[in-house]
Amino acid sequence: MKAVVLREPGRPVEVEEVELDPPKEDEVLVRVAAAGVCHSDVRLADGELGSGRWPMVLGHEGAGVVEAVGTGVTHVAPGDHVCFSLIPACRACPTCLAGRPNLCETAGRNGVRGRLLDGTSRLHSNGSALQHGLMTACFAERTVVSGAGAVPIPRELPLWQAALLGCAVVTGFGAVRNVARVAAGESVAVVGCGGVGLQVIAAARLAGAATVVAVDRAEKLERATAFGATDAVVATDDAVADVRALTDGGVDHAFEVVGEPATVRLAWDMARPGGQAIVVGLVARGVDVSVPGIEFLSDKSLRGTYYGSGDAQRDLPQLAELAVAGSLDLAGAVTHRTTLDGVEEAFGRLRRGEGGRTVVVVDSDAAGISA
Ligand SMILES: [Zn+2]
Ligand SMILES: [Zn+2]
């Protein structure tokens, strides 16, 4: 089958012919319909998430149709529509048992090694193993994922839209609902209005935030407003002063959705005394972030989050239902559609900070796109 392979950082990714083994007992074989291109794919492709993470089939946000299941799988059957969850929580490690499945130790350990939950790979090229990108590897015609990595979703939701659920949507919504716990009437700033940032804006509005200030380059702000931002501030040297002026001294919750030290600092500066800055963006390995220590006296907090800090097996079907009900605009977040051959070009747009989500349409009929 065809798959997008990262051979080594700094070299463009390419579509290659690779071999995919059948699913083992607790695994699911999915025919990929569509996949979203996320900034984390670029971080991997640029070698910013640590060494040894190649050769790898990239892609960790997507949806498709179940083609076969292992003998131990009961939650999905061939023909079911699923979206991928990049953390197939094991439900048995100490963090899972403590109610934090997004931090599952078994998934974390194997994810970093590019393996499935049992510690092995189903992907090969000329006899040598390939890594599964974030346990998903969905820039490919088919993929095998650990059982919990395939989450059933309603058929009414077109798969090219459902493709966004498993990373951008669950991450953005979870940051608002599970981490910040934004309440009705509160104020929010969102620094970075790309694929995930737009979902943070939408979730903040659904939670009843009275003020949602979008902060980004001018060309990103129109879409942010369409997603529910009440105010838009261009990310210049005056951005902090502008946000403070709009919100009477700062926001209750400032979300950083870029993953750079300068934007983490912006979010921190935009939060009011007693407020919080939440870092949703993925900061490259080895990069430090700093804030003025004296300001901890103002009761502000700086928080991290990973993968929505909730339970994706519970949250993803709910988010899919919200999309079916029309409360969640997935199509509007997509600015480009391409094929597997267009992934490198999509990486270029992300590196330059251009556009919203690119969706890679792998199978247009299954994805629900009429020619
Ligand atoms: Zn992602
Ligand atoms: Zn676990």
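Biologist: Which residues line the second largest pocket?
Modeller: Its lining consists of K24, E25, D26, E27, P88, A89, C90, L117, D118, S146, G147 and A148. Please bear in mind that this is a predicted model.

Biologist: How does that lining divide into nonpolar, polar and charged residues?
Modeller: Five residues of the lining are nonpolar, two are polar and five are charged.

Biologist: And what volume does the second largest pocket have?
Modeller: The volume of this pocket is about 180 Å³.

Biologist: How many cavities of 30 Å³ or more does a search of the whole structure find?
Modeller: The search finds one. The largest cavity holds about 40 Å³ of space.

Biologist: What lines the largest cavity?
Modeller: The lining is made up of S85, I87, A89, P101, N102, Y307, G310, D311, A312 and Q313. These divide into five nonpolar residues, four polar ones and one charged.

Biologist: Turning to the metal, which protein donors does the zinc ion (ligand 1) have?
Modeller: The donors are C38 through SG, H60 through NE2 and C167 through SG, and they lie 2.0 to 2.2 Å from the zinc ion. Along the chain their spacing is C-x21-H-x106-C.

Biologist: Where do C38 and H60 lie?
Modeller: C38 is in the loop between strand 4 (27–37) and helix 1 (39–45), while H60 is in the loop between strand 5 (56–57) and strand 6 (61–69), so the pair ties together parts that are 22 residues apart in sequence.

Biologist: Are C38 and H60 buried or exposed?
Modeller: Both of them are buried.

Biologist: How do strand 14 and strand 15 run?
Modeller: Strand 14 (residues 211–216) and strand 15 (residues 231–234) run parallel and are joined by four bridges. Between them the chain passes through helix 7 (residues 218–226), and this β-α-β crossover is right-handed. As for a bridge partner, D216 has V234 in strand 15.

Biologist: What about the backbone: which residues does a cis peptide bond join?
Modeller: The bond joins W54 and P55, with omega about -5 degrees. P55 lies in the loop between helix 1 and strand 5. For context, most peptide bonds are trans, and most residues other than glycine have a negative phi.

Biologist: What phi does L134 have?
Modeller: L134 has a positive phi of about 45 degrees, although it is not a glycine. A137, also not a glycine, has a positive phi of about 50 degrees. L134 is in the loop between strand 10 and strand 11 (142–146), and A137 is placed in the loop between strand 10 and strand 11 as well.

Biologist: Why does L134 count as buried?
Modeller: Its relative accessibility is 15%, and buried means under 20%. A137 counts as buried at 1%.

Key: Residues numbered from 1 in each chain as written. Chains lettered and ligands numbered in written order. Predicted model: local features only at pLDDT ≥ 70, side-chain atom pairs only at ≥ 80, totals over all residues. Heavy atoms only, no water. Pairing = 2+ DSSP bridges. Helix = DSSP H or I, 4+ residues; strand = E, 2+ residues; numbered from the N terminus. Right-handed = clockwise from strand over helix to strand, strands pointing away. Donors = N, O, S within 2.8 Å, 3.2 Å for Na, K, Ca; no water. Buried < 20%, exposed > 50% of the residue type's maximum accessible area, 1.4 Å probe, protein only. 1 Å grid on protein atoms, 1.4 Å probe; cavity = no way out; pocket = protein on both sides within 12 Å on 5 of 7 lines; lining within 4 Å. Points joined across faces, edges and corners; volume = space filled by probe spheres on them. Nonpolar A, V, L, I, M, F, W, Y, C, P; charged D, E, K, R; others polar.
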